[in-house]
Amino acid sequence: MKGATRRGLFVSFEGIDGSGKSTQARRLAERLRAGGAEPLLTREPGGSPGAEDIRRLLVEGDPHRWSPTTEILLFTAARRDHLERTILPALAQGQTVITDRFADSTRVYQGAARDGGALRALVDRLHAEVIGTEPDLTLVIDTDPEVALARGLARRSGEDRFEEMGLDFQYRLRDGFRALAAEAPARVRLIDGDRPEAEVAAEVAALVAAQTARPPPSAPE
Ligand code: ADP
Ligand code: TYD
């Protein structure tokens, strides 16, 4: 999206379902608050009232409720609203924005893991047209799918449309996130999620501190 000035740091957490990314996003926000900052912690799909409405359409119900193409349009619509109403205003005020999932989830879930990767070109075109913004830093919590599935299923929430797609799907997703880290190594960092929460959190904090120490990347887009 053009025209907005980004002054705050924009960090996304990514990973397969149950990888521990929400836990790490929350811990990072708590750590920054303890240091006197006022970060914004948000999530996708969702993060604004309109996008939360779209979230319900996406995460509840039959796993095959939407075609893959329709799903891409819904996730992108939710992201556009989240960006306009929540993320860009906070960044413009200089807040650090921490989001639990962003565009890499669409690249991997819709673009890489379904229909043999045929939809990645559509995902990329839509992103360029209506989103056009990347996080400054993306932390992929890279967790073994069997461990992650056990964590996720232990927590059943009624939002299991994606978890119900099975273990093979989770392996494809993990490969997709790893491929993104290889494609964009300066932005996307892999963090071993098969460790105690506090150890993962320490690595997250170190990467964010290193990013904060860099010169501001945030010229208007
Ligand atoms: P995600 O957001 O990736 O789906 P969550 O952060 O919600 O994952 O974590 C899923 C479950 O696993 C939660 O019950 C959480 O308390 C637990 N959990 C998170 N990180 C770890 C960890 N490093 N070790 C063990 N359990 C964890
Ligand atoms: P989320 O609430 O993060 O689930 P979890 O905590 O289990 O990881 O996201 C809901 C589901 O939506 C999740 O299975 C991933 C999926 N998703 C996509 O398929 N594409 C997307 O662009 C996004 C943001 C999420």
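The count here comes to 20 salt bridges, each a side-chain nitrogen of Lys or Arg within 4 Å of a carboxyl oxygen of Asp or Glu. This is a predicted model: local features need pLDDT of at least 70, side-chain atom pairs pLDDT 80 or more, while totals for chains, interfaces and linings use all residues. Residues are numbered from 1 along each chain as written, chains are lettered from A and ligands numbered from 1 in written order, and side-chain values use heavy atoms, without hydrogens and water.

Start with Asp17 and Arg101, whose side chains meet at 3.6 Å, N to O, in a salt bridge. Asp17 sits in the loop between β1 and α1, Arg101 in the loop between β3 and α4, so the pair ties together parts 84 residues apart in sequence. Helices (H or I, at least four residues) and strands (E, at least two) are DSSP runs, numbered from the N terminus. Asp17 is buried at 12% relative accessibility, and Arg101 at 10%. Buried means under 20% relative accessible area, exposed over 50%, partly exposed in between, with a 1.4 Å probe and protein chains only.

Arg80, Asp81, Glu84 and Arg85 form a network of salt bridges. Glu84 to Arg80 is 2.6 Å between the closest N and O atoms; Glu84 to Arg85 is 3.9 Å. Glu84 is partly exposed at 32%, and Arg85 is exposed at 59%.

Now, how many residues of β4 are buried? Six of the six, so the strand is largely enclosed by the rest of the structure. Leu137, Leu139 and Ile141 point one way; Thr138, Val140 and Asp142 point the other.
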